[in-house]
Amino acid sequence: MSNEQKGNWWIWKVFWILLIVTTVEVLLGVIQPEIIAGTQFLGTSLLNHIFIVLTLVKAAYIVLVFMHLGFERKSFKWTVLLPAFILIPYLLFILLAEGSYSYFMM
Amino acid sequence: MGQTKSNVWGGGERPYNVSYGKMMMWFFLLTDALTFSGFLAAYGFSRFKYQDIWPEAEVVFTHFPFMHGDHPLLFVALMTFILIMSSVTMVLAVNYGHKMEKKKVILWLSLTIVGGAMFLGSQAWEWGHFIHGTEEGRILADGSIIHGANLIMNEYGHPLFADYFFFITGFHGFHVFSGVIILIVILINVIKGTYEKRGHYEMVEKVGLYWHFVDLVWVFVFTFFYLV
């Protein structure tokens with residue numbers, strides 16, 4: 001439960017996860033595989049969706065383990081996370097929808 | 001007394017089980033996260049609006065120190081690695097703070113500062129290359145040639161790309177810079193034994209939260225500026 005007794009292995013575990021995910025992202029970015037880069041899905045390529053999912057995986061590890069939020073009391077965890085989970089997708093939806101609209105209207 | 005114990009919100013204890021300072025650091029980071037989301041969402045707006053003439057980052061950032069030719073994403077991958085590494089040394093410092101091992105806190109905190117400084121240096125190099133541009137430059141309609149990018153013109157494509165690049169990576173870089181300054185202050189306090197006397201190293205933990213946040217923002221900047 002508490003990290004004080006566990007030693008350091010969990011830190012290095014997260015380090016390797018972050019490193020491997022970043023390496024995969026860079027490799028995909030350099031190679032740009034035709035099958036996933038060419039497939040369109042929900043307004044952008046499948047490759048971009050993969051990038052976004054991998055980024056969210058990295059973010060989750062940083063926030064929950066490095067920043068220790070995963071080990072805080074549940075009420076506090078959601079006090080911090082919920083405003084972000086509600087406001088950021090809302091903001092993105094409005095601005096990205098308006099962005100594509102102004103592209104078609106130009 | 002038994003009643004306050006049975007009811008977390010009944011007073012007499014910390015309902016969230018975190019100290020005041022740590023909670024405020026989290027609330028600050030939440031607002032800061034919303035600020036950065038606003039910037040990146042605005043970037044997304046312009047990118048969708050000018051999707052035909054938006055430059056591709058793989059074409060713009062292809063340089064690597066002491067190497068010739070095109071190396072897309074390589075340098076920024078190195079910068080990401082440096083920042084992840086400095087995040088790891090920060091957790092180690094916090095972890096040894098819990099165990100009250102002053103010498104190891106000093107060691108890992110110092111390495112975190114070195115990582116932050118290396119990142120800032122890399123960013124300066126990256127900015128320098130972007131500002132100076134390529135040898136050939138771009139020929140405009142009136143026959144004049146522009147090299148590199150600034151806030152008004154951009155050799156590689158739409159000027160807004162350069163504006164967002166300077167603004168967002170600059171704002172992030174300023175966070176890294178302030179982080180390095182705060183880490184140095186905290187390191188001096190650790191060396192002086194302030195937290196040893198206080199009985200806990202919570203201050204290191206709070207700065208650690210800020211430092212991880214800087215890494216977190218970079219993860220998103222990396223994706224939305226360089227990959228997507």
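Chain A has 4 helices and 2 strands, where helices (H or I, at least four residues) and strands (E, at least two) are DSSP runs numbered from the N terminus. Read from the N terminus on, its elements follow the order α-α-β-β-α-α. Before we go further, note that this is a predicted model: local features need pLDDT of at least 70, side-chain atom pairs count only at pLDDT 80 or more, and totals for chains, interfaces and linings use all residues. Residues are numbered from 1 along each chain as its sequence is written, while chains are lettered from A and ligands numbered from 1 in the order in which they are written.

Let us start with the overall form of chain A. Its C-alpha atoms fill a box of roughly 60 × 35 × 15 Å along the principal axes. Of the 106 residues in chain A, 17% are buried, that is, with 20 or more other C-beta atoms within 10 Å of their own, the C-beta atoms being placed from the backbone.

Now turn to the partner chain. In all, 40 residues of chain A are in contact with 41 residues of chain B, contact meaning that the C-beta atoms of two residues, placed from the backbone, lie within 7 Å. On the chain A side, α1 (9–31), α3 (46–66) and α4 each supply at least two residues, and α4(A) gives the most, with 16 residues. By class, this side of chain A has 24 nonpolar, 10 polar and 6 charged residues; Ala, Val, Leu, Ile, Met, Phe, Trp, Tyr, Cys and Pro count as nonpolar, Asp, Glu, Lys and Arg as charged, and the others, Gly among them, as polar.

A closer look at α4 (residues 74–105) of chain A shows how it meets α2(B): their axes come within 8 Å and cross at roughly 15 degrees. That makes α4(A) roughly parallel to α2(B), a term for angles under 35 degrees. The residues of this contact divide into 18 nonpolar, 7 polar and 3 charged.

Within chain B, the axes of α2 (residues 20–49) and α6 (residues 159–192) come within 11 Å and cross at roughly 170 degrees. These two helices are therefore roughly antiparallel to each other, the term for angles over 145 degrees. Among the contact residues are B:Phe39 and B:Tyr43 of α2(B), and B:Tyr164 and B:Phe167 of α6(B).

Terms used
Axes are lines fitted to C-alpha atoms, for helices over the stretch in contact, and angles run from 0 to 180 degrees between N-to-C directions. Angles under 35 degrees count as roughly parallel, over 145 as roughly antiparallel, 65 to 115 as roughly perpendicular and the rest as oblique. A residue is buried if 20 or more other C-beta atoms lie within 10 Å of its own, exposed if 12 or fewer, and partly exposed in between; C-beta atoms are placed from the backbone.
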